[in-house]
Amino acid sequence: MSDLLLTHAYCLAEDPRERRIMRPYPPLGILYLSAYLKKLRFRVEVLDTTFAHWSEVEQGLRASRAPVVGIYTNLMTRSRALRLIRLAREAGKSVVVGGPDASNYPREYLLFGADAVVLGEGEHTLAELLPLLAEKRLEHAVAGAAVRRGNEILFGPPRPLVPDLDALPWPDREAVCMARYLAAWRAAHGMGSVSVSTARGCPYRCRWCSKAVFGDTFRKRSPERVADEVADIMERYRPESIWYVDDVFTIKPSWLEKYARELEKRRIRAPFTCITRADRVDARIAWLLSEMGCQQVWLGSESGSDRLLAAMERGVTAEQIRQATHLLQRAGIRVGLFVMLGYVGEGLRDIRETAAHLRRTHPDEFLITVAYPIKGTAFYREVADRLKPARPWEESSDRELDFRGRYGRAFYYFATRYVSNAGRAASPIARLKGWLAAGGMYALAWRRS
């Protein structure tokens, strides 16, 4: 019998967009928790829902004899996580939830039926909560958690974050079927990929970015320990590439140089993809990444309007994004850009500048989203009195939040296509589509005015 069943409620079968992209990765967060708790002699099982249909998820939860169910939550999985809470309660189990969505909405999750919410980083807090939940004697506040005692909600004091990430065991990848993830990748892309985390947190202050789990802190693992983990991954799973999940992989040039040497010592040159910031890329970093085997770097561009970038407190300019893109491309690295439309205060001129920015930058790939205010962010606080929830909380997510004062969804349908086709302006068909989308965008803007 296990002490804890960990799950994450994400089902690939219910995500048509991700099925088209087909780049699934195991849930690193709960695999870190599983490894840490097993090190403390807790008996942990993982119900990985990624490739499961919902009927299999329900069956797996009911079949588990663990007295406690731990559920990871994020923007995409709220409604399914709530269904799991209800199922676990019906089965007589205690429920603890964590992750960014639960950290942002602890009262709502507790009132729905969870017994405890881990607020932020989970390892130490969950280790303290588990015995209390298993014996149903959760009667006092716990540091780093919110708990339900009858009709009362108790918030414990903040818990210090793990000071030394090297002290944590590597993610418990053996708890999931890695072969299935690699097979999905290889079938879609001809190559398999495994995710690795080298840090926690981000020191930057972008107003739209949620820091519900790790706060404003930034902690980095040692180059030696990361290289040891990658060596183990390459030997155990034989992937063709690595995905570094850090928010800013090149944040510390000295760390990157040491890490490159550690990989070289182990004779590892694994192709990889990472995310970073334009102001953390120069010619030396671009060529170092190339020598390490980097295939693609994703940069947060967000906008081509410096006025809007300043409003977001991004700390970079559109010119820096263009320069970083071209430095990386000259080093033989593909560049992807994240682009955001609809941020508070954005106007037609800002959108035109973003379209022109993509035409000048020529990224190899880009993704466009319409901004949504995540609870706990400066963006959310700025528009909190103008929010227009589309559906009840338990049926929706922050991704659906809109606010008064910006253009409607139809406008951003055309704006997204206008900017997207501007990024593909070399194609005559893209130019035509861009003009047509611009017409729709301007017509809706004129109607609103």
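The legends below describe close-up views of a predicted model. Local features need pLDDT of at least 70, side-chain atom pairs count only at pLDDT 80 or more, and totals for chains, interfaces and linings use all residues. Residues are numbered from 1 along each chain as its sequence is written, and side-chain values use heavy atoms, with hydrogens and water left out.

View 1. Strand S1 spans residues 4-7; helices (H or I, at least four residues) and strands (E, at least two) are DSSP runs, numbered from the N terminus. S1 is covered on both faces, with Leu4 and Leu6 buried on one side and Leu5 and Thr7 buried on the other. Buried means under 20% relative accessible area, exposed over 50%, and partly exposed in between (1.4 Å probe, protein chains only). In a regular strand the side chains alternate between the two faces of the sheet. S1 pairs in the parallel sense with strand S2 (residues 44-47) over four bridges, and Thr7 stands opposite Leu47 there. Pairing requires that DSSP finds at least two bridges between two strands. With strand S3 (residues 68-72), S1 also has parallel pairing over four bridges; Val69 is the bridge partner of Leu5.

**View 2. The open six-stranded sheet.** The strand order is S8-S11-S12-S13-S14-S15, with parallel pairing. Strands S8 (193-196) and S15 (365-370) stand at the edges with a single partner strand each, so one side of each has no neighbour in the sheet. From one strand to the next, the twist averages 20 degrees. Axes are lines fitted to C-alpha atoms, for helices over the stretch in contact, and angles run from 0 to 180 degrees between N-to-C directions. Strands S11 (residues 241-244) and S12 (residues 272-276) share two bridges, and Ile242 has Phe272 as its bridge partner in S12. Helix H9 (residues 223-237) packs on the sheet and touches S8 and S11, its direction making about 160 degrees with that of S8. Contact means heavy atoms within 4.5 Å.

**View 3. Helix H11 and its ends.** Helix H11 covers residues 283-292, and its buried residues include Ile285, Leu288, Leu289 and Met292. The buried residues of H11 pack against helix H10 (253-265), S12, strand S13 (294-302) and helix H13 (318-330). At the N-terminal end, Asp282 caps H11 with a side-chain oxygen 3.2 Å from the backbone nitrogen of Arg284. Just after H11, Gly293 takes a positive phi of about 110 degrees.

**View 4. Gly29 in helix H2.** Gly29 belongs to helix H2 (residues 28-39) and is partly exposed, at 42% relative accessibility. Gly29 and Glu123 lie 94 residues apart in sequence, and 9.7 Å apart in space, C-alpha to C-alpha.

Methods:
Polar contact = N/O pair within 3.5 Å; in protein donor to acceptor, adjacent residues only side chain to side chain.
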